[in-house]
Amino acid sequence: MRSLGDLRGYFDVVVVGGGAVGVFTALDLALRGVSVLLLERGRLCSGTSGRSHGMLHSGARYATTDPEAARECIRENRIISEMAPHCVRDTGGIFVSVRRAEEDYHQELASACLRAGIPVRDLDVGTLKALEPHVSPDARSAALVPDKVVYARELVASTALLAVSRGASIVEEARVCGIKVEGGEVVGIEALSDGELFRVGCKGVVNAAGPWCGRVAELAGVRVGVLPAAGVMGVTYANLTRHIINRMRPPSDGDIIVPYGPGVTISGTTAVLVEDPDRVEVGDEDARVILQECGEVIPALRRLGFSRLYASVRPLVSPGEGSVGVREITRSFEVIDHSGDGARGLVTALGGKLTTARLEAERAADLIAPHIGASRGSFTEKVRLDLLGEDDLRELADRLGSGELGGRLATILREALDTIDAERYRGLLLPLKFASMMGASS
Ligand SMILES: Cc1cc2nc3c(=O)[nH]c(=O)nc-3n(C[C@H](O)[C@H](O)[C@H](O)COP(=O)(O)OP(=O)(O)OC[C@H]3O[C@@H](n4cnc5c(N)ncnc54)[C@H](O)[C@@H]3O)c2cc1C
């Protein structure tokens with residue numbers, strides 16, 4: 001992508017953070033005709049979005065405990081599946097009970113799914129075993145829901161490319177280190193890139209820095225209640241299930257097994273509050289808990305163990321006063337307009353899921369739009385990320401030719417436009433898939 005030094009000195013909006021929420025915000029604003037610059041301190045998708053569990057949630061996991069998050073998930077599950085079919089694998093998900101208490105929870109879960117608009121179908125144990133031969137002989141009941149696998153790196157890269165083709169500027173390895181506020185209004189940011197300090201003027205800043213958004217808000221003298229909650233996942237090199245397998249119980253540790261791709265199964269997760277999202281420790285105890293819990297549903301996991309562990313940090317919305325268990329904190333999101341905190345033009349997008357990042361970005365763009373005189377509504381629900389047209393490709397090729405685009409995505413694109421597969425790359429399918437496989441941490 002571009003280097004900061006090449007850029008002009010003013011944009012309507014600067015988006016901080018190149019995870020799923022940031023790139024969808026950049027796309028949303030670019031489609032509204034807003035001049036937008038996204039700055040990412042590392043590489044795109046190098047934060048939480050690139051280290052998730054890989055699930056496009058149906059919302060069933062949250063149906064009994066967090067119905068708002070459940071409704072958001074099923075709505076966005078459908079939208080993302082249509083807009084980015086190259087980033088989604090429709091495996092379906094099955095909730096399985098292996099204990100009496102879990103079997104008792106079955107009806108409560110099914111009713112809550114229906115209330116949230118999530119299709120759910122009971123499976124008898126014979127059918128379950130035919131579909132999933134590795135499931136425990138202790139399985140007592142099962143229910144099918146529309147959970148899917150999502151490839152976050154492809155989703156983020158495709159969204160970024162469409163945003164760029166619509167005029168957005170994206171700069172990787174540029175860390176925002178200052179937000180300038182004058183007379184209660186945001187007037188610009190400062191960023192460090194290649195050891196140099198750059199200043200960019202702007203009317204609006206969208207803070208999409210995930211678990212780091214508290215720190216970014218502090219740059220404008222604003223406090224944001226974010227709770228960083230780390231989670232660990234274990235990777236097993238084996239095909240163990242066809243569907244995503246969930247334990248039939250309210251969200252807890254070690255209750256999801258994801259058939260992420262050929263020969264790769266990812267089990268998880270855990271949830272522990274951490275002080276510093278840049279310092280998360282992963283240990284044998286995490287592996288033990290996940291293998292113990294997930295192994296009750298798929299016993300082969302205990303025999304095979306994990307080839308590697310990885311972790312990331314959820315940016316959870318702080319529930320404010322009172323003590324609440326980390327599993328009880330909402331997985332929904334919040335978008336905050338900081339006008340009342342003395343920083344008009346600053347909006348923070350906080351919380352949510354990879355699954356709901358598009359919606360979160362839409363709401364953030366809706367909040368910032370009036371500050372910059374952009375009134376048109378969001379279009380991102382309608383776009384296709386896998387079908388760049390002739391004009392888009394020409395525009396991207398021109399920008400590549402003029403050296404305006406640089407970095408990893410530009411390399412992928414240049415190679416794509418140059419090879420036997422150029423026509424197939426029109427949908428940006430293969431290069432991104434390849435890139436995600438080569439660089440994926442999950
Ligand atoms: C263990 C775990 C498993 C999960 N599994 C799933 C799942 O299966 N399905 C699902 O839907 N959701 C899942 N989630 C939730 C989901 O991954 C996150 O909610 C989502 O990815 C957050 O996206 P984001 O864009 O807000 O944050 P991020 O992806 O973290 O992006 C924020 C970006 O901001 C950048 N940044 C920070 N500070 C600065 C700065 N000063 N200047 C410039 N850039 C900066 C960071 O480098 C980062 O890239 C999971 C979360 C965890 C922790």
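## Ligand shell, core and sheet

The model is predicted. In total, 39 residues surround the ligand, and the closest are Gly-17, Gly-19, Gly-47, Gly-210 and Gly-231. Besides S18 (308-317), helix H1 (20-31) and strand S10 (175-182) each give two or more residues to this shell. Because domain 1 (4-48 + 153-225 + 331-439) and domain 2 (88-150 + 227-317) both supply shell residues, the ligand lies between them. The composition of the shell is as follows.

| Class of shell residue | Number of residues |
|---|---|
| Nonpolar | 15 residues |
| Polar | 19 residues |
| Charged | five residues |

The largest nonpolar core comprises 135 residues, of which Val-14, Ala-26 and Val-36 touch the most other members. Domain 1 and domain 2 each provide at least three residues to this core. In soluble globular proteins, nonpolar side chains tend to be buried together. Leaving aside residues up to four places away in sequence, Val-36 touches Phe-11, Asp-12, Val-13, Val-15, Ala-26, Leu-29, Ala-30 and Ala-168.

An open sheet is formed by three strands in the order S3-S8-S4, with antiparallel pairing. Strand S3 (55-56) and strand S4 (88-89) stand at the edges with a single partner strand each, so one side of each has no neighbour in the sheet. S3 is joined by two bridges to strand S8 (residues 148-150), and these two strands run antiparallel. Leu-56 lies opposite Lys-148 in S8.

Conventions. Residues numbered from 1 in each chain as written. Predicted model: local features only at pLDDT ≥ 70, side-chain atom pairs only at ≥ 80, totals over all residues. Core = buried A, V, L, I, M, F, W, Y, C linked by C-beta atoms within 7 Å. Buried ≥ 20, exposed ≤ 12 C-beta atoms within 10 Å, placed from the backbone. Domains from an automatic or database assignment. Contact = placed C-beta atoms within 7 Å. Near = placed C-beta within 6 Å. Helix = DSSP H or I, 4+ residues; strand = E, 2+ residues; numbered from the N terminus. Nonpolar A, V, L, I, M, F, W, Y, C, P; charged D, E, K, R; others polar. Pairing = 2+ DSSP bridges.
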